[in-house]
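The sequence and structure come first.

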Amino acid sequence: FAGARAELERAIQIDPQDAQAYDDLGVMYFTDQQYKSAADNFDKAIQANPDLSQAYGHMGWVYYALKNYEDAITSFEKAISMGQTNVGYYYQLGLSYAYLRRCDKAKEHLQKALAIQPDMPAAQDGLRACP
C-alpha cells in the first residue's frame, strides 16, 4: 500500500479537489484499520464532491467498525438513496438496525442483501437475531 498511498497523496497535492483520490486513500486507511485517517479522507471526498455516493458508504464502514450504528445508518442510507447497490451496505445497514433493536428496519435491509446474495451468513445471522 505504501507506493499506492504515496501516489494518491501526490494526486491530491496536484488536485486538492480530487474526490476519488481522497476516497481511494480512505479505503487504504480503512483496510489498515486506521479509522480516523479513513474518516478524514472520506469526509474530504464528500466535501470535494457531494455526489460521490460510494464515499458515503465507505464512511458507513468506519462508523460501523467503530460501533457507531446511528451514524452508520445515516451514511449507508445516504449511499443507497444515491443509487449504491453494494450488498455490504445493505447487510451492514441491516445489522446496524439490529444492534439498535430496530428489527423491522433491520429485516428490510437484511432481506435486500439476501436478495442480492442469498448465501450471505452475516445477513442470515442478522435475521435470526431479529425474529
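Here a residue counts as buried when its relative accessible area is under 20%, and as exposed when that area is over 50%. The model is predicted.

## Disulfide

Cys 103 has a relative accessibility of 17%, so it counts as buried. Cys 130, at 1%, is buried as well. The two cysteines form a disulfide, with 2.1 Å between their sulfur atoms. The count of disulfides comes to one.

The link of Cys 103 and Cys 130 is left-handed, with -65 degrees about the S-S bond.

## His 109

Helix H7 also contains His 109. With a relative accessible area of 6%, His 109 is buried. Apart from neighbours within four places in sequence, His 109 is in contact with Glu 77, Tyr 90, Leu 93, Gly 94 and Tyr 97.

## Helix H1

Helix H1 (residues 2-14) has 13 residues, which at 1.5 Å a residue should span 18 Å; the end C-alpha atoms are 18 Å apart, in agreement. Arg 5, Leu 8 and Ile 12 are the buried residues of H1. Viewed down the axis of H1, these fall within an arc of 65 degrees and so line one face of the helix. They pack against helix H2 (19-31). Ala 2, Gln 13 and Ile 14 are exposed on the other side of H1.

## Salt bridges

Side chains of opposite charge can pair when their charged atoms come close. The structure holds six salt bridges. One of them joins Arg 10 and Glu 7, at 2.3 Å from N to O. Both residues lie in helix H1, three residues apart, about one turn of the helix. Arg 10 is partly exposed at 41% relative accessibility, and Glu 7 is partly exposed at 47%.

Asp 40 and Lys 36 meet in a salt bridge at 3.2 Å, N to O. They are four residues apart in helix H3 (residues 35-48), about one helical turn. Asp 40 is partly exposed at 34%, whereas Lys 36 is exposed at 61%. In helix H7, Lys 112 and Glu 108 are four residues apart, and the closest N and O atoms of their salt bridge are 3.6 Å apart. Lys 112 is partly exposed at 36%, as is Glu 108 at 33%. Salt bridges with shared partners join Lys 105, Glu 108 and Lys 112 into one network.

Technical notes: Residues are numbered from 1 along each chain as its sequence is written. This is a predicted model: local features need pLDDT of at least 70, side-chain atom pairs count only at pLDDT 80 or more; totals for chains, interfaces and linings use all residues. Side-chain values use heavy atoms; hydrogens and water are left out. A disulfide is a pair of cysteine sulfur atoms within 2.5 Å. Buried means under 20% relative accessible area, exposed over 50%, partly exposed in between (1.4 Å probe, protein chains only). Helices (H or I, at least four residues) and strands (E, at least two) are DSSP runs, numbered from the N terminus. Contact means heavy atoms within 4.5 Å. The expected span of a helix is 1.5 Å times one less than its number of residues. The arc is that of the directions from the helix axis to the C-beta atoms. A salt bridge is a side-chain nitrogen of Lys or Arg within 4 Å of a carboxyl oxygen of Asp or Glu.
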